[in-house]
Amino acid sequence: MFTDFKITEGRPLTVQVKEYLKQWITKGKGRVDQKLPSTRELSTMLNISRNTLVAVYTELEEEGYIYTVRSKGTFVSKVGIASVPSWHVDWQQHLSPVAVAATDLDLMKRDLRGEKGMINFASIAPDEKLFDLANVKRAFLDRMAIEGEILLNYGYAKGYKPLIEYLTGYMETKGVDMDGKDILITNGFTEAYDIILSSLNVKEKHILCENPTHHTAIKISRLQGYDITGIGMEQDGIDIGEMERALTENSFGLAFLTPSYHNPTGIVMSAEKRVEVLRLLAKHQIPLIEDGFNEELRYSGSHMAPLAAFGGDGNSVIYLGSFSKILFPGIRIGWIAADRELIDALVSVKRARNIHTSTLDQAVLYQYFHNGNFEKYLKRAKSEYKHKHELAVECCRKYIPHKRLTGTGGLHLFLELQDGIRSRDVLRDCYEQGVVFSAGDVFYTDGQGEGTLRIGFSRVSDEDLVHGIQVIGKAVQRRMEENGC
């Protein structure tokens, strides 16, 4: 009896013994009314202090797992678990079309994933080595000292008021007219985009976007029942001529665009094209969802205001923001900046789904900003990422034969290989040598892009970056030789 009990270092022993005995009882190893060893006997069996076991028995009796009979000992209580006939469900037959589609579109389940020890260019998450832990801890302690009891209770669906006020000012510094607009805090971009698509009643469930585009946006759009038409990209952004033809030939309910450091191409839309995009959408009366992806990670050139700023005092642009690619993606804080009446409705949808985004996370992030840490962190991060960006560009140009290379900022580059070279073939070759990247076809709306790939450099050391790109380049060259290129 109790021979399988193992002590885990670093956890209170009382908690471990209590959990073990609870499971022993609830799994039926201890029969109802079965006598337990005395605390003295069990102390010898487990080689732990008798005082620990006295405390455990007392707590288990208070919780109804055991009972004591004076002068007779301690016994197992009836804990409400009975043996009944069981049956098994084939849950695959009960999955909804949405669940089936989500599984099919889940890259984490069907694509080659980087294993520990590999050079991983598939990630575009920030480098955790740059995280400003000391100031995050200070922000946590500062905010907890001010209103800790409030932060640990329920919050508001709309979000933490001080953070909303900060983000309102933040949007205004980007040039966005926030008069008549408001902000809803979300669990990152993913929830923000999903809430919007599920909340809007548009005449056509048809979205116009860039091609390629953010895979998560493709996935959510399709799960919400939207058709997608992707418009090709030029060096300075979306192809305006192709966009104009699509708008003339098709009916769209929404547009989704990422004008700055576009995912996956890294292209920044020119100011002239931003004006033309908004002119065309206004002409056809199509609301725009703008993804403010990586706007802060500009390494050269002048500031480019978001489309929401070009829209002036209009309310047709819904802006989605997030700090996940700059600051602490584990906190999962994003926001929607849009017309006040729309935000009011989205708040109700948010409340119905998950009540609110973690108030504690929001408050810590706000305090981090309030303490003046963000600008210092951003300056340091941009310096490091600029170096990696320049090194990645240099290595791609030197080692990987390609037709086109894009990406002037952000955390990734996008390559189009020579005709006939499939990036998934190259990926399989590189995987065997411990290098992984993102095949570009997953970002396309129409099955194209088999000769493209995305290289994320943010979490890769300089040494691995050079070596990994050399591995990719050699794999591309071998495929070209096989194809007679």
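Analyst: About 610 Å³ is the volume of the second largest pocket. The pocket has 29 lining residues, and those closest to its centre are Tyr-261, Glu-295, Arg-298, Ser-302 and Met-304. A pocket here is an open set of points on a 1 Å grid over the protein atoms alone, with protein on both sides within 12 Å along at least five of seven lines, and a lining residue has an atom within 4 Å of a point. Points are joined across faces, edges and corners, and the volume is the space filled by probe spheres set on them.

The model is predicted, so local features need pLDDT of at least 70 and side-chain atom pairs count only at pLDDT 80 or more, whereas totals for chains, interfaces and linings use all residues. Residues are numbered from 1 along each chain as its sequence is written, and side-chain values use heavy atoms, with hydrogens and water left out.

By class, the pocket lining holds 12 polar, 10 nonpolar and seven charged residues. Ala, Val, Leu, Ile, Met, Phe, Trp, Tyr, Cys and Pro count as nonpolar, Asp, Glu, Lys and Arg as charged, and the others, Gly among them, as polar. Helix 7 (161–173), helix 15 (373–399) and strand 12 (404–406) each give at least two residues to this lining. The largest share, seven residues, belongs to helix 15. Helices (H or I, at least four residues) and strands (E, at least two) are DSSP runs numbered from the N terminus.

Strand 12 also contains Thr-406. Thr-406 is classed as buried because its relative accessible area is 6%; the cut-off for buried is under 20%, with exposed over 50% and partly exposed in between (1.4 Å probe, protein chains only). A polar atom of the Thr-406 side chain is 2.7 Å from the backbone oxygen of Thr-265. Apart from neighbours within four places in sequence, Thr-406 touches Gln-235, Thr-265, Ile-267, Leu-413 and Phe-414, where contact means heavy atoms within 4.5 Å.

Ile-267 is also a contact of Ser-260. Ser-260 sits in the loop that runs between strand 8 and helix 11 (271–283). With a relative accessible area of 4%, Ser-260 is buried. Its side chain makes a polar contact of 2.9 Å with that of Arg-274. A polar contact is a pair of N or O atoms within 3.5 Å; within protein, one must be able to donate a hydrogen and the other to accept it, and residues adjacent in sequence count only if both atoms are side-chain atoms. Neighbours within four places aside, the contacts of Ser-260 are Ile-267, Val-268, Arg-274, Phe-293 and Glu-295.

The buried residues of helix 9 are His-215, Thr-216, Ala-217, Ile-218, Ile-220 and Ser-221. Just after helix 9, Gly-225 has a positive phi of about 85°.

The whole structure has two cavities of 30 Å³ or more, a cavity being a set of grid points where a 1.4 Å probe fits but cannot get out. The second largest cavity holds about 30 Å³. Two or more of its lining residues come from each of strand 5 (206–211) and helix 9 (215–223), and helix 9 gives the most, three residues.

The largest cavity holds about 40 Å³. Its lining consists of Phe-323, Ser-324, Leu-327, Phe-328, Ile-331, Arg-332, Ile-333 and Leu-365, which divide into six nonpolar, one polar and one charged.

As for the setting, the chain has 485 residues, of which 49% count as buried, and it contains 17 helices and 16 strands. Its C-alpha trace spans about 90 × 60 × 50 Å along the principal axes. Of the contacts between residues at least 6 apart in sequence, 74% join residues at least 24 apart.
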